[in-house]
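Hi,

Here is the structure I said I would pass on.

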Amino acid sequence: MNPPRTDARRHHDPDVRGFASDNYAGAHPEVLAALALANGGHQVAYGEDAYTENLQQVIRSHFGPTAEAFPVFNGTGANVVALQAVTDRWGAVICAESAHINVDEGGAPERVGGIKLLTVPTPDGKLTPELIDRQAYGWEDEHRAMPQVVSIAQATELGTVYTPDEMRALCEHAHAHGMKVHVDGSRLANAAATLDVPMRTFTNAAGVDLLSLGGTKNGALFGEAVVVLNQDAVSHMKHLRKLSMQLASKMRFVSVQLEALLARDLWLRNARHANEMAQRLAEGVRAVHGVEILHPVQANAVFARLPHAVTERLQKRFRFYFWDEAAGDVRWMCAFDTTEDDVDTFVAALKEEMAR
Ligand SMILES: Cc1ncc(COP(=O)(O)O)c(C=O)c1O
């Protein structure tokens, strides 16, 4: 059969890739094929469709029989819905100062979710029981927002990964204080690939109550899910999702993308590849004199410090962002479609610009 005719025209060069963000990548062809498969005919709207039903089974195969997925449009929405489900109106969420919910969500947890964030500076994006304790106090003090949740990211904003033991220690500590644990798993797949264990090993088995499970950075067109692991920890998820404008009417198209990633091993293949490219990049960069790598490279991000003039020249050739412009820190992200050639070309350019 001939492909359907389209009047749309291509407006970009599909061979150009950079290191700005894993969101700059397109969708994986297997995800696009799944979307085409889910098209046609009529399906019940708002989540009562066959694809969302099947997604529940796929999610349970990863996260155990108590897990329930609530597909949403994006990661900010997943976090805002999830955090509302585990906090009271007087509640607060403890998180790293560098957390996405604190620095990159436009204030949505506070303004849309009405949640006070209690932040803690960390050297590497990771909370520890000791760091949590800097904000875990004052439950009886009505002058203070009540710490009710600890939210961590796995992998973190700084490309670091918690071990299952670290996750367990955090969950035990939070639970001992009566707090719940939320994981921003926008890059949960990358963490699993690094740790080489199933995702449940460092979520359910560690005591995590609920998580935001990423799809977009892992090869979806768009779409994530709040995954509730401990049903007793949450309330009114369905109402909160709608109230937070995250209920997709044609939900089958979100669910089928997550199914395409998670039903077999596409999620892991994509994450492994992105991580491997980050390792290759880090190795190449380490060999360039004068460039400092800032954090352990444990997922698909490489953070480095280099002279401003070099960054500015390089940015004319490749897309990537400053992370902290004043310090000269940059972030390079790898995606599921980053190639070895992309990495090697970039490292060669870095070497060239450093030598000028
Ligand atoms: C750690 C983390 N959490 C959540 C998100 C969600 O982002 P978005 O709302 O753009 O899908 C991102 C995206 O960059 C992220 O890096």
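Which residue forms a salt bridge with E30, and how far apart are the closest N and O atoms? The partner is R269, and the closest N and O atoms of the pair are 3.2 Å apart. Before you read on, keep in mind that this is a predicted model.

Across the model, the count comes to 15 salt bridges.

Now for the domains. The assignment for the protein chain gives domain 1 as 29–262 and domain 2 as 267–355. Taken over C-alpha atoms, the centres of domain 1 and domain 2 are 28 Å apart. Domain 1 puts 22 residues into the contact, and domain 2 puts in 20 residues. The size of an interface is often given as the accessible area lost when the parts come together. For domain 1 and domain 2, the buried area is about 1700 Å², and carbon and sulfur atoms give 54% of that. As for salt bridges between domain 1 and domain 2, the count is 2.

Helix 11 turns up again in a helix pair. Helix 8 (residues 188–195) packs with helix 11 (residues 266–286) at an angle of about 75°, and their axes are 8 Å apart. Angles of 65 to 115 degrees count as roughly perpendicular, so helix 8 is roughly perpendicular to helix 11. On the helix 8 side, A189, N190, A192, A193 and T194 take part; they meet W267, L268, A271, R272, A274 and N275 of helix 11. Sorted by class, that contact of helix 8 with helix 11 has 7 nonpolar, 3 polar and 1 charged residues.

Two backbone details to look at while you have the model open:

- Q154 and A155 are joined by a cis peptide bond, with omega at about -5°. A155 lies in the loop between strand 4 (146–153) and helix 7 (164–176).
- Y46 has a phi near 65°, which is a positive value in a residue other than glycine. You will find Y46 in the loop between helix 1 and helix 2 (50–63).

Over to you!

Cheers

Terms used. Residues numbered from 1 in each chain as written. Predicted model: local features only at pLDDT ≥ 70, side-chain atom pairs only at ≥ 80, totals over all residues. Heavy atoms only, no water. Axes fitted to C-alpha atoms, helices over the stretch in contact; angles between N-to-C directions. Helix = DSSP H or I, 4+ residues; strand = E, 2+ residues; numbered from the N terminus. Parallel < 35°, antiparallel > 145°, perpendicular 65-115°, else oblique. Contact = heavy atoms within 4.5 Å. Nonpolar A, V, L, I, M, F, W, Y, C, P; charged D, E, K, R; others polar. Domains from an automatic or database assignment. Buried area = accessible area lost by both parts, 1.4 Å probe. Salt bridge = Lys/Arg side-chain N within 4 Å of Asp/Glu carboxyl O.
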